[in-house]
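Hi,

Here is the structure I promised to pass on.

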Amino acid sequence: ADMKTGAMLEAEQGDVPMPPASTAKIITTLYALSCLGPGYRFATRLIGTGPIVAGNLTGDLVLAGGGDPLLSTDGLGDMASDLARTGLRRVKGGFRVWGGALPYLSAIDASQPDYLGFNPAVSGLNLNFNRVNFVWKRAGGDYELSMDARAERFAPQVYSSRIRVVDRDLPVYTYARDARHEDWTVARRALGKGGSRWLPVRRPQLYAGDVFQTLARAAGVPLPAPEVAAALPEGTALVEQRSADLRAILKDMLKYSTNLTAEAVGMAASVRRGISSHVASGREMSRWANERAGVTSIRLVDHSGLGGASRISTADMVRVLVRLGPDAGMRGLLKGYAFHDDSGRKLKGQDVRVSAKT
């Protein structure tokens, strides 16, 4: 289409609704920018429900998520250090974790296999894209296994996720959970000499609490085992960490196609509009996009494009980009693609510039 006039220049079955896959993140980006604003930042807080007296917190400590999709172990490590600098040395109450800023979803698409790292749970408290790192190496006739939450500066062991090797051919992985643990098994024949793999987390609040407990202990603030808070307790924010602004988050999401980021920002936009479930959120975003772009085919079941039931025609996707993209600064958020010759070499001096979400 011509971006200046909106005229459709060429199409091939352009009006046939098709599954958009990850190009659905274009709609999510526009929706989030409109509802939240480009400068929006997610906040993760440590809240004390009582005063600190002589280094003792006479109440509970609460790790309260604000929906930040990019919260990492390094971020929690910095929060643990900041907490120690307040002078806190002991919590007399409990250690609680809260993720109710966004509704909980155990998997983005329930029809996908359990072990896919790009299909984790979503909540208001997300850590490392809700993935845990499984590491194995051969030790004699067996394997040494570990589960960690590694980032660039910290790599604490994870206790809320466990794994063991089983003698079988298939399936490669099985998954189960109880009140406090996520339990995996892996087929011995699939392991080889050694390696690592990111596995999804289905209980993100306990996972974040588990990791923060280890980091806080290392910073000199021992904590009891984390418990999930059903509601956000009242108290005083002792530490607060804010995310990058929304435009930076969305640019990262479009470059790496991170599904959890798409679900978190899309759901946060819907919560701002009074929507309280993922199913309703997909419908609300679809309604918004159809109305704003003057189209009719958009029917999205999620914000990432992972669900196969979503539909949009290619012509309507082009109309969305033409009518809503320029005002949102969409080109500046999209990844650039170069032209290549028949041998795969990058062509230089091209006048045409391609910015796209594939």
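Let me start with a loop: Ala54 sits in the one between strand S3 (52-53) and strand S4 (56-57).

Before going on, two notes on the source. This is a predicted model, where local features need pLDDT of at least 70 and side-chain atom pairs count only at pLDDT 80 or more, while totals for chains, interfaces and linings use all residues. Residues are numbered from 1 along each chain as its sequence is written, and side-chain values use heavy atoms, with hydrogens and water left out.

Back to the backbone. Most residues other than glycine have a negative phi, and most peptide bonds are trans. Ala54 is not a glycine, yet its phi is positive, about 55°. Asn130 also has a positive phi of about 55° without being a glycine, and it lies in the loop between strand S7 (95-98) and strand S8 (131-139). Are these two buried or exposed? Ala54 is exposed, with a relative accessible area of 76%, whereas Asn130 is buried at 0%. (Buried means under 20% relative accessible area, exposed over 50%, and partly exposed in between, using a 1.4 Å probe and protein chains only.) There is also a cis peptide bond, from Leu170 to Pro171, with omega near -5°; Pro171 is in the loop between strand S10 (161-166) and strand S11 (173-177).

Next, strand S2 (residues 43-48). Of its 6 residues, 5 are buried, so S2 is largely enclosed by the rest of the structure. S2 runs antiparallel to strand S15 (residues 236-242), joined by 6 bridges, and Arg45 has Glu240 as its bridge partner there. S2 also pairs in the antiparallel sense with strand S5 (residues 61-64), over 4 bridges, with Gly48 opposite Leu61. (Strands pair if DSSP finds at least two bridges between them.)

Now the cores. A nonpolar core is a set of buried Ala, Val, Leu, Ile, Met, Phe, Trp, Tyr and Cys residues joined through side-chain atoms within 4.5 Å. The largest has 41 residues, and Leu61, Leu63, Leu76, Phe134 and Phe212 touch the most other members. Helix H3 (residues 204-218) contributes the most to this core, 6 residues. Another core, of 38 residues, lies apart from it and includes Leu33, Leu246, Ala262 and Leu333.

Finally, the pockets. A pocket is found on a 1 Å grid over the protein atoms alone, as an open set of points where a 1.4 Å probe fits, with protein on both sides within 12 Å along at least five of seven lines; lining residues have an atom within 4 Å of a point. The largest pocket holds about 350 Å³ of space, the volume being the space filled by probe spheres set on the points. Its lining has 16 residues, and Met3, Leu321, Arg331, Leu334 and Ser355 lie nearest the centre. Helix H7 (314-328) and strand S18 (354-356) each supply at least two lining residues, with H7 giving the largest share, 5 residues.

The second largest pocket holds about 210 Å³. Among the residues lining it are Asp74, Asn128, Arg150, Glu152 and Trp198.

Cheers
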